[in-house]
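Hi there,

Here is the structure I promised to pass on to you.

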Amino acid sequence: MLNLSRARMGRQNRSMSFEGLDFADPKKNNNYMGKIVLAMTLTAMCIFLLKQSPTFNTPSVFSRHEPGVIHVLVTGGAGYIGSHAALRLLKDSYHVTIVDNLSRGNLGAIKILQQMFPEPGRLQFIYADLGDAKAVNKIFSENAFDAVMHFAAVAYVGESTQFPLKYYHNITSNTLVVLETMAAHGVKTLIYSSTCATYGEPEKMPITEETPQVPINPYGKAKKMAEDIILDFSKNSNMAVMILRYFNVIGSDPEGRLGEAPRPELREHGRISGACFDAARGIIPGLQIKGTDYKTVDGTCVRDYIDVTDLVDAHVKALEKAKPGRVGIFNVGTGKGSSVKVFVEACKKATGVDIKVDYLERRAGDYAEVYSDPSKIREELNWTAKHTNIQESLKTAWRWQKLHRNGYGSSSLVSAY
Ligand SMILES: O=c1ccn([C@@H]2O[C@H](COP(=O)(O)OP(=O)(O)O[C@H]3OC[C@@H](O)[C@H](O)[C@H]3O)[C@@H](O)[C@H]2O)c(=O)[nH]1
């Protein structure tokens with residue numbers, strides 16, 4: 001093609017005319033220029049009309065691999081941590097596809113992200129269940145992903161003791177589907193959401209990545225199994241794998257757009273932050289502290305509370321440092337332990353509400369004390385927690401609570417707080 005054009009150019013070079021255009025006498029070109037302008041106008045109109053069409057933002061747009069664009073599949077992106085991760089990725093110019101079955105996540109979070117990033121090709125939401133291997137395969141066939149951040153999972157310690165099969169199935173089998181589909185489509189970078197619950201109840205604190213993993217509840221056991229599956233698979237597949245073991249995540253997007261909105265019907269299994277806010281808002285009569293006879297500083301469990309914005313920062317740093325054949329396992333925590341009683345005092349200050357507290361028996365599946373040694377992630381990924389004041393993190397979460405009285409169901413400002 002190129003040679004043919006050059007030959008043709010040589011033949012017509014005397015009058016500097018090429019394909020009907022006369023560069024020596026531009027006036028002769030009026031007809032041609034008119035046609036070109038018309039053609040360009042029609043093309044621009046077609047693109048404009050196409051963009052107006054609701055089907056424009058479909059997988060076909062995403063399957064195009066633009067140079068310099070990194071396309072990340074975020075499973076569970078409608079959930080608390082997944083939505084914050086999607087926001088951060090989008091802000092950092094990544095292209096994001098969220099897959100979520102909305103069993104625990106919220107469509108409202110997706111809508112907010114879509115409003116923030118409406119440009120075609122930036123954010124795509126696909127409603128699908130990771131247990132449906134056929135659907136997941138279709139998603140990978142229609143998209144060119146560079147990496148997967150796998151957040152989607154059930155994640156309540158108490159609930160896992162009551163419904164262990166649900167936890168084993170959801171966490172291990174869905175991870176298998178994700179890995180098998182990644183392998184089938186040549187996607188080789190995985191950032192996996194694991195948990196400090198995989199360590200169980202270690203004797204020695206703080207917890208390093210070398211601390212033996214002896215989980216004591218089905219949630220922690222299932223996450224450990226999923227880690228093992230990923231690690232075994234990574235051995236012969238030249239994958240880039242980053243396993244992040246989160247400690248206890250709190251806080252919200254500081255600008256009040258995203259937050260934690262657990263299902264009200266799961267309140268009995270809910271995390272301490274949600275329970276404190278529910279008590280502060282009068283949705284429940286008071287906070288129940290579950291267990292006061294642990295061998296800890298004040299008898300209540302000790303946890304390492306990590307701000308969600310710091311956590312998603314760790315994901316981006318992990319993604320940036322991922323490379324074929326590299327397997328990294330990192331604790332993501334502050335390195336500081338705080339008891340449930342200390343946490344509740346911080347929550348009272350953050351909300352300005354003197355939350356009523358009742359003391360109950362221990363909750364099944366709980367371990368007394370966990371806090372991280374975050375040296376490895378600091379040294380290898382250059383990550384440290386920036387928000388180490390629980391009260392300040394809880395203030396961002398409380399702000400979201402005030403703005404979203406009914407979770408993602410309503411966005412009205414509640415002035416009574
Ligand atoms: O209403 C409540 C809720 C929780 N708690 C206590 O608060 C402490 C923290 O419990 P949470 O449920 O908030 O959090 P957990 O430590 O059990 O696990 C959490 O951290 C690790 C993550 O991977 C898990 O997904 C997350 O649930 C426990 O001692 C628990 O018994 C209460 O005293 N009352």
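How many nonpolar, polar and charged residues does the shell around the ligand have? By class there are eight nonpolar, four polar and five charged residues in that shell (Ala, Val, Leu, Ile, Met, Phe, Trp, Tyr, Cys and Pro count as nonpolar, Asp, Glu, Lys and Arg as charged, and the others, Gly among them, as polar).

Before going further, please note that this is a predicted model, in which local features need pLDDT of at least 70 and side-chain atom pairs count only at pLDDT 80 or more, while totals for chains, interfaces and linings use all residues. Residues are numbered from 1 along each chain as its sequence is written, and side-chain values use heavy atoms, with hydrogens and water left out.

**The ligand**

Thr-195, Gln-288, Arg-303, Arg-363 and Asp-366 come nearest among the 17 residues around the ligand (a residue is near if one of its heavy atoms lies within 4 Å). The protein buries 96% of the 660 Å² that the ligand exposes when taken alone (Shrake-Rupley method, 1.4 Å probe).

Helix H10 (272-280) and strand E10 (287-290) each give two or more residues to the shell, and E10 gives the most, with three. Helices (H or I, at least four residues) and strands (E, at least two) are DSSP runs, numbered from the N terminus.

**A helix pair**

In H6 (residues 133-141), Ala-133, Val-136, Asn-137, Phe-140 and Ser-141 meet Val-177, Thr-181, Met-182 and His-185 in H8 (contact means heavy atoms within 4.5 Å). By class, this contact has five nonpolar, four polar and no charged residues.

**Two backbone details**

Most residues other than glycine have a negative phi, and most peptide bonds are trans. Ser-93, in the loop between helix H4 (80-91) and strand E4 (95-100), has a positive phi near 75°. The peptide bond from Met-205 to Pro-206 is cis, with omega near -5°. Pro-206 sits in the loop between strand E7 (189-195) and helix H9 (218-235).

Best wishes

Key
Axes are lines fitted to C-alpha atoms, for helices over the stretch in contact, and angles run from 0 to 180 degrees between N-to-C directions.
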